Amino acid sequence: MSKTLFDKVWDSHVVRKIEDGPDVFFIDRHFIHEVTSPVAFLGLKARGVKVLYPERTFATADHNTPTINQHLPVEDALSANQLKALEDNAAEYGISHWGLGHIKNGIVHVVGPENGITLPGATIVCGDSHTSTHGAFGAIAFGIGTSEVEMVLSTQCIMQPKPKKMRINVNGQLSKGVGPKDVALYIIAQLTTSGGTGYFVEYAGDVFENMTMEGRMTVCNLSIEMGARGGMIAPDQTTFDFLEGRLYAPKGEAWTKAVEYWKTLKTDADAVFDAELNINASDIEPMITYGTNPGMGIGISKHIPNANQVEGGEETYKKSLAYMGFHEDDVMIGKPIDYVFLGSCTNGRIEDFRAFAEIVKGRKKADNVTAWLVPGSHVVEAQIKEEGILDILTEAGFVLRQPGCSACLAMNDDKVPAGKYAVSTSNRNFEGRQGPGSRTLLASPIMAAAAAVTGKLTDPRELF
């Protein structure tokens, strides 16, 4: 019987099927961080239960970490307590822990792939919705809740109903200035934030086949923002080249055998999906969001739609625009901005900093802009320095911060003030997401760079 990529990975991890119920599903890799793990460990202790496979669990500090002066004690008491709890729990249960100051520390969804922990055909979970990032490698990866974190720690399994399957095909040639983030935001704008609900998505077509691993991770990261359980892309030579030689990747004969298996992880030609969407790459332009969910996005040259042109209630739509200080039929180009954030598990990788630097090279940061440039890991930070990108950024008036989730969700000191506009390369633009009353405009690193040097929303294609 023909199978999709998703079927092949899912079916090979089912421990037991429950009639008219969920599958008991084995998890290969479990990532944990300081925010969603402490209560799970308290549950283990209360029940006197050990971590079943500590070698399959990996801990890193990222959500609450400061992005300056990481050598100093963390000032916020709650953050400090959560970071200490992660360190203590990892030590007690024999779990690998990359805390502040560790060379491998960084955002959980950045350091996993960097170290070859993320592998094709694997099942991966984390108490974080953007675990879908790891699907870029042909893995099934999704976020789980704190009670499920406890379940995986204690049994290495989770109970999950098998989602439906959707394939999104994007074929053709992307225009100059259009990158992976724009592709993802375009798809979400087409489907809305609920269009993928109940589905696991496979991304296919020329655009994804020609995309780098960093780009694929950006797209899969945003799968959750259209309501999907996760997203994945079939592994290929680009995947293998990225993984070969990394710390936790197979070595020698084991590598050869692994690649042989990974090459079978692709959808059979006559496999059937529950839903399918076809997109022409030439229809996509640099994207910007204008509202308070990731589906409220348009091409930078377009006008904000009228309420009767979008799905959902008119009252809710107008409330969103009022929060943002925008109006129906507004032009986005030229709108002034206050903050620029480059980073997060969506766009905190080296490729994102290269793209940002390409625009700002030879230019200066606008005086009205506060910029937070935050690498996703110490490895990315080192690459930025080694490649001369830091020199370009410094010359343009920017300051590089230390790794962490930073202003993506404002759980640390990096908060956008109320009423201020932030062009952000992160993944969510909900009300108050980057600080109480903050106004977030999601964009690509290139769009963020264009705004940073002009002080307003600018079509980045004009700056090449």
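These notebook entries cover a helix pair and a domain interface in a predicted model.

**Ground rules.** I number residues from 1 along each chain as its sequence is written, and my side-chain values use heavy atoms, without hydrogens and water. Because the model is predicted, local features need pLDDT of at least 70 and side-chain atom pairs count only at pLDDT 80 or more, while totals for chains, interfaces and linings use all residues.

**Entry 1: the domains.** I looked up the domain assignment, which is automatic or from a database. It gives domain 1 (5-276) and domain 2 (287-462). Their centres, taken over C-alpha atoms, are 24 Å apart. I then checked contacts (heavy atoms within 4.5 Å). On the domain 1 side, 42 residues touch 42 residues of domain 2.

**Entry 2: the buried area.** I noted about 3400 Å² buried between domain 1 and domain 2. This is the accessible area (1.4 Å probe) that two parts lose on being put together, summed over both. Carbon and sulfur atoms give 56% of it. Thr-67, Ile-107 and Lys-181 supply 19% of the area that domain 1 buries against domain 2, more than any other three residues.

**Entry 3: two helices.** I turned to H6 (residues 180-191) and H8 (residues 213-221). Helices here are DSSP runs (H or I, at least four residues), numbered from the N terminus. The axes of H6 and H8 lie 8 Å apart, at an angle of about 25 degrees. Axes are lines fitted to C-alpha atoms over the stretch in contact, and angles run from 0 to 180 degrees between N-to-C directions. So H6 is roughly parallel to H8 (angles under 35 degrees). Pro-180, Lys-181 and Ala-184 in H6 meet Gly-215, Thr-218 and Val-219 in H8.

How values were computed. Parallel < 35°, antiparallel > 145°, perpendicular 65-115°, else oblique.
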